[in-house]
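Take a look at the fold below.

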Amino acid sequence: MPVQGQDDDPRMPYQLPFPKDAQEEIVIPDAVAVDERVWVPQTENVSFRPLCLNRSQGYWMNLLRVRQSGVLSRHRHPQPVHGFVLKGRWHYLEHDWVAEEGGYVFEPPGETHTLIVPDDVDEMITYFQVNGVMLYVDPWGKTMGYEDVFTKIDMCRKHYEEVGLGADYVEQFIR
Ligand code: FE
């Protein structure tokens with residue numbers, strides 16, 4: 001057991017101000033958005049819903065949604081990824097395991113993979129934390145493009161402007 005001091009009132013809230021430089025929390029009640037405009041299209045079958053776009057630490061938390069047996073193009077992660085499957089099922093062409101609803105995955109730095117949603121899954125939604133950069137590559141590792149928190153923010157701005165939410169709609173997710 002860790003050593004603890006006596007707490008006379010465990011239900012008494014913390015009484016001091018938070019650090020003055022601390023950022024605002026993000027609270028999103030409808031994280032699996034019902035408003036279709038919140039989903040930012042990436043390709044015909046792939047879209048994402050931003051939750052936290054962390055420009056100060058260079059990562060993003062988002063829900064990835066893939067419909068109708070879509071594919072997320074082959075890419076390399078120089079930094080780790082955490083994923084939690086909220087709906088549906090998917091796998092990587094490069095691994096023999098399957099990520100299923102309720103499952104968690106950790107993808108270590110150095111992964112290069114291609115995400116496939118099988119034909120019998122209408123919709124897959126996974127909560128991903130992606131750190132640093134995703135490098136889109138050809139089958140031999142040649143870089144074809146990239147995404148990072150800044151390209152994600154730009155995609156959101158453009159999309160939210162187009163659907164009438166306004167480019168500023170993305171600001172609530174940026175830290
Ligand atoms: Fe990935």
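Two bridges join strand E4 (residues 71-77) to strand E11 (residues 133-137), and the two run antiparallel. Strands here are DSSP runs of E, at least two residues long, while helices are runs of H or I of at least four, all numbered from the N terminus. Two strands pair if DSSP finds at least two bridges between them. Within this pair, Arg76 stands opposite Leu135 of E11.

This is a predicted model: local features need pLDDT of at least 70, side-chain atom pairs count only at pLDDT 80 or more, and totals for chains, interfaces and linings use all residues. Residues are numbered from 1 along each chain as its sequence is written, and side-chain values use heavy atoms, with hydrogens and water left out.

E4 and E11 belong to an open sheet of six strands, in the order E7-E6-E9-E4-E11-E12, with antiparallel pairing. Strand E7 (98-100) and strand E12 (143-148) stand at the edges with a single partner strand each, so one side of each has no neighbour in the sheet. From one strand to the next, the twist averages 30 degrees. Angles run from 0 to 180 degrees between N-to-C directions, with axes fitted to C-alpha atoms, for helices over the stretch in contact.

Another open sheet of six strands has the order E1-E2-E3-E10-E5-E8, again with antiparallel pairing. Its edge strands are E1 (40-41) and E8 (104-107), each pairing on one side only. Eight bridges join E2 (residues 46-54) to the antiparallel E3 (residues 59-67). Pro50 stands opposite Asn62 in E3. Helix H1 (residues 149-162) packs on this sheet and touches E1, E2 and E3; its direction makes about 115 degrees with that of E2. Contact means heavy atoms within 4.5 Å.

His75 lies in E4 and His113 in strand E9 (residues 111-116), so the pair ties together parts 38 residues apart in sequence. His75 counts as buried at 2% relative accessibility. His113 is buried too, at 0%. Buried means under 20% relative accessible area, exposed over 50%, partly exposed in between (1.4 Å probe, protein chains only).
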